[in-house]
Amino acid sequence: MEFQRICLVHYHEIGLKGHNRASFEMRLLRNLEALLHDQPIVTIHRISGRLLVFIEEGTTFETACAIEEAIAKVPGVARVSCGYKCERAIEEMSEAARQALVDVGDFQSFKVAARRNHTDFPIDSMQINQLVGAALCEAFPDKAVKMKDMDIQIGVEVIQSAAYVYARSIRGVGGLPVGSSGRVVALLSSGIDSPVALWRMARRGAVCIAVHFSGRPQTSATSEFLVDDIAHLLEHDGCIARVYVVPFGDYQREIALTVAPELRVIMYRRLMFKVAEAIANQEGARALVTGESLGQVASQTIDNIFATASAVNLPIFRPLIGTDKQEIIADAQRLGSFPISSQDAPDCCTLFMPRNPETHAKMDKVLAEEAKFPQDDWVKEIVAAAEVHDYTCPAYRPPRAAQSLHSDSM
C-alpha cells in the first residue's frame, strides 16, 4: 500500500493568538514556501491547528527527514513530524503506522497517541489507540508497548478529510514566524554574542536588518567576510534580511585622537547607535538590538549602558542582557555560528582600545567629550558610505527610500 509522504508542522504560540491566528499561520506558511522552494515539495496547506507539507511522490525517507530538519529550524515551528497521509480507515492507518515504524529503524518499545479532530469519524481517540496498537503488536511481536518512556510514539491525527500518521518527530526552534512582530536593526559583529541576539529576535517574529561596523580602512576586511558567512547561515531560516557594512575605522581614529582614553569606548558606541538609529529610520524599523550582557565587559555595566543608550531615541532590545557566556555559547552552537565567530578577525571592537576603559561613565563628562567632534555630520557621512548586502528573508520588503541605495546580494 502506497502513501504520500508528508511533514506535519506543529506550532504553539500561534495557537494562542485568537482572532489574529490566521494571519500568523499564513505568515509561517509563506515563509516555509519560500525557504523550501528548492525541496521536492508539492504544496503546503493549513489544516486543523497545523500546517501540512505535501512531499513529492517517490521521495526517499532520507530526503523527507532533511526537509523535516530544515522546517524545524524556521521560527514559529514548535515541532515537525515526518510521516504519511492515508484514508480514514483503521486498516490504512495501521499500515501507515507500520511503514512509519519501519522508516525509523531500531526501537524496542512504542506507544500510539491518536487525536480525532472531527466527531464525524465514528471511532474515538482511545479506540484508535487500541486498534492501531493491536495491529502494530501483531506486525512487531518482539516489541513492547509502554505508556511512559517509550522509544517511539506513533502519532495518528484524524481530521475531516484524511488521517496523518507519523513515528519520527523532532522539536523546532519555536517562537513566532519572522515578519509577525515588526522590524528591528541589530548591531552585528563577527563575535559570538550579536548573532545569537539577532537570532533570538528573529525567533520572536522580528524582521532583522543588521549593521556591521568594520574597522576598515584601519584594519583588514576579515570581519566583513565572517559576518557574511554568519548572514548566509541565518538566511537559511529567513532570519536576516539585509546587512549594512559601515567602514568605521577612520572615525574611531579621530575619536581616539580627540577623546580622553577612558571614554573612547563610550564614544564609539554612542556613534554606532546614532548610525544604527539613522538606518533604522530609513528602513522603517522601530527598535535597535544589541548583544550586550550585563557586566560581561567594561562597556556593559549599567552606567555605561545608560550612557550609550541615551544617544538615541529608539528603544534598544538586549535579548542576552541576563544571559551568561556559557549560555550564549550554547545558543551559538545550536545556531551553528560558533565556529565562524571563534575565528580571529580584527574589527572595530578591537581597534584603538584603551588600557583602562571607564566602567561608570558620568553623563556630563560624556557630553563634554562628545561636543569635540561633529557627530551629526559624521552620521550622515557614515550612512551615505554604508554598503548594503541583501539576503533571503521572505517577510522583508525594502522601503522605497532604501531601494535607491546601492544593494549587493551576497
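Which residue forms a salt bridge with Glu13? Select Arg204: its closest N and O atoms to Glu13 are 2.7 Å apart. A salt bridge here is a side-chain nitrogen of Lys or Arg within 4 Å of a carboxyl oxygen of Asp or Glu.

Before going on, some housekeeping. This is a predicted model, where local features need pLDDT of at least 70 and side-chain atom pairs count only at pLDDT 80 or more, while totals for chains, interfaces and linings use all residues. Residues are numbered from 1 along each chain as its sequence is written, and side-chain values use heavy atoms, with hydrogens and water left out.

Next, colour 4–171 as domain 1 and 183–404 as domain 2; these bounds come from an automatic or database domain assignment. Their centres, taken over C-alpha atoms, lie 42 Å apart. Ten residues from domain 1 and eleven from domain 2 make the contact (heavy atoms within 4.5 Å). Together the two domains bury about 690 Å², 58% of it on carbon and sulfur atoms; that is accessible area (1.4 Å probe) lost on being put together, summed over both parts. The salt bridge count between the domains is one.

Now pick helix H1, residues 21–35. Helices are DSSP runs (H or I, at least four residues), numbered from the N terminus.

Last stop: Leu233, in helix H6 (residues 222–235). Beyond neighbours within four places in sequence, Leu233 contacts Leu335, Gly336 and Ser337. Leu233 and Ser337 sit 104 residues apart in sequence, yet 7.4 Å apart C-alpha to C-alpha.

Terms used. Helix = DSSP H or I, 4+ residues; strand = E, 2+ residues; numbered from the N terminus.
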